[in-house]
Amino acid sequence: MVTTSGPWRTDQGTGRMRLAEVLDTLADGPLPFRFTAYDGSAGGPADASVGVHLRSARGAAYLATAPGSLGMARAYVTGDLQVTGVHPGDPYPLLRLFADDLHWSTPDPRTIARVARSLGVSRLVPPPPPPQEALPDWRRALEGLRHSKRRDAEAIHHHYDVSNTFYEYVLGPSMTYTCACYPTSESTLEEAQAAKYELVFRKLGLRAGQRLLDVGCGWGGMVRHAARQGVQALGVTLSREQATWAQEAIRREGLQDLAEVRHGDYRDVAEGGFDAVSSIGLTEHIGVANYPAYFSFVRDRLRAGGRLLNHCITRPDNVHTPRVRGGFIDRYVFPDGELTGSGRIISAIQDVGGFEVRHEENLREHYAKTCRAWCTNLVEHWDACVAEVGEATAKVWGLYLAGSSLGFERNQVQLHQVLAVKLHADGRADFPLRPDWGSV
């Protein structure tokens, strides 16, 4: 039911709809939340646990000119769309409500025309986006071809050089921004991140005295984990802030003789003969078209019998569809990011030649739990996070982490670890007859 009040009860002779009526017209079924708007209109249950208030004409223009996740994000981040009943650091209940109980109709042309007339011309002109938003794809092209070194560096800078202090609040002491591996449902985030690193370490068959290359190493968690066990570990990251933090952490632990994190592009690593390569959360950034070059690079850095562990987010299928750019994730979180199915990744590893895939597993539920834990940290440290990066950026992260958790729960995205070995010329793999890494 839609209501209006005060001086806004006009327009009866013009046939124009109030904003709540527009929403009610476009929704297929009753609204699962309370909606109010700056024009005095309201809809949905008055006693709903979640409320959504559209504060301004700019917010309406955001929603009208960028339907879907991008318009909602713009209005929400700027504060033009306010939400009550959920914490901004963890809007999971709102997103789940939208996913389960809010459905959209397919309006006929006459209804579309009436909605457009009701909104007015001024609301059909896109307002300037919030400063937290990355440039559109066509503007990014001015920074270079997609996945060129320059453009990749800019994309990584947008997401990872937010603030090391902010990441310490959200990620916790491990400073690990990749899927954890929970030994039990009761394990803490820190226990699960340590278990993930140990799982990777064992899958790679690493031993003291061997050499590890960790590409896209983040804040150096895998590098330091390996170094603590006597492995000579080199990490590389495009984020200057990550590299600075990681090198300081290496010095604090006294691991300088075994561990190093470089600021730079993995493609510039000239050393070879590594016993193992770990790639934890990098493949999402390199582009599907670049898989052959990427896995060839990794193969060429390994000795015969050396292993690769590729850990990355994937789609739940391998259907080749053109990537839709310009949504919330692309513009606010991972510019130029690209996902594909685990089968496509396995095929790419096999097709470069010289590799044999020996094991694969899906940690989808683990990533859902990881994102929930990060949301918990964000809520717990909300005031400090806002003071560090501003409310708008903190809201982006709450929206992103809560939405990601829901996506992993609903099998919209997955997390796969693929283990491969570089074969000797005679076909030997130096691999155990059965997996020997056990459970962690």
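This is a predicted model: local features need pLDDT of at least 70, side-chain atom pairs count only at pLDDT 80 or more; totals for chains, interfaces and linings use all residues.

Trainee: Where is alanine 402 found, and is it buried or exposed?

Mentor: Alanine 402 belongs to helix H18. The residue counts as buried, with 0% relative accessibility.

Trainee: How many residues along the chain lie between alanine 402 and arginine 372, and what separates their C-alpha atoms?

Mentor: The two are 30 residues apart along the chain, and their C-alpha atoms are separated by 6.8 Å.

Trainee: Next, helix H17. Which of its residues are buried?

Mentor: In H17, which spans residues 382-389, the buried residues are Trp382, Cys385 and Val389. Viewed down the helix axis, they fall within an arc of 65°, so they line one face of H17.

Trainee: Why would residues a few places apart end up pointing the same way?

Mentor: An α-helix has 3.6 residues a turn, so residues three or four places apart point the same way.

Trainee: Which residues are exposed on the other side of H17, and what covers the buried ones?

Mentor: Asp383 and Ala387 are exposed on the other side. The cover over the buried residues includes helix H8 (164-171), helix H16 (364-380) and helix H18 (391-409).

Trainee: On to the cysteines. How many disulfides does the count come to?

Mentor: The count is zero disulfides.

Trainee: Turning to charges, how many salt bridges does the structure hold?

Mentor: There are 20 salt bridges. One of them joins the side chains of aspartate 100 and arginine 96, at 3.6 Å from N to O. These residues are four apart in helix H4 (residues 92-101), which separates them by about one helical turn. Aspartate 100 is partly exposed at 32% relative accessible area, and arginine 96 is partly exposed at 40%.

Trainee: How far apart are the closest N and O atoms of aspartate 275 and arginine 303?

Mentor: They are 2.5 Å apart, in a salt bridge. This pair links distant parts of the chain, with aspartate 275 in strand E9 (residues 274-280) and arginine 303 in strand E10 (residues 302-314), 28 residues apart. Aspartate 275 is buried, with a relative accessible area of 13%, whereas arginine 303 is partly exposed at 29% relative accessibility.

Trainee: Now the aromatics. How many aromatic pairs does a search of the whole structure find?

Mentor: The search finds 17 aromatic pairs. In one of them, the rings of phenylalanine 166 and tyrosine 167 have centres 5.9 Å apart and planes at 70°, so the pair is edge-to-face. Both phenylalanine 166 and tyrosine 167 are buried.

Trainee: What kind of aromatic pair do tyrosine 177 and tryptophan 397 form?

Mentor: Theirs is tilted, at 5.6 Å centre to centre and 45° between the planes. Tyrosine 177 lies in the loop between H8 and helix H9 (189-203) and tryptophan 397 in helix H18, so the pair ties together parts that are 220 residues apart in sequence. Tyrosine 177 is buried at 8% relative accessible area, and tryptophan 397 is buried at 5%.

Trainee: Which residues form one aromatic cluster with Trp397?

Mentor: The cluster includes Phe166, Tyr167, Tyr177, Trp219, Tyr367, Trp374, Tyr400 and Phe408 together with Trp397.

Trainee: Last topic: which ring does the charged end of arginine 211 sit over?

Mentor: It sits over the ring of phenylalanine 274, 4.2 Å from the ring centre. The charged end of arginine 252 sits over the ring of tryptophan 245, 5.5 Å from its centre.

Notes:
Residues are numbered from 1 along each chain as its sequence is written. Side-chain values use heavy atoms; hydrogens and water are left out. Buried means under 20% relative accessible area, exposed over 50%, partly exposed in between (1.4 Å probe, protein chains only). Helices (H or I, at least four residues) and strands (E, at least two) are DSSP runs, numbered from the N terminus. The arc is that of the directions from the helix axis to the C-beta atoms. Contact means heavy atoms within 4.5 Å. A disulfide is a pair of cysteine sulfur atoms within 2.5 Å. A salt bridge is a side-chain nitrogen of Lys or Arg within 4 Å of a carboxyl oxygen of Asp or Glu. Rings of Phe, Tyr and Trp (its six-membered ring) pair if their centres lie within 6.5 Å; planes under 30 degrees apart count as stacked, over 60 as edge-to-face and the rest as tilted. A charge sits over a ring if NZ of Lys or CZ of Arg is within 6 Å of the ring centre and within 35 degrees of the ring normal.
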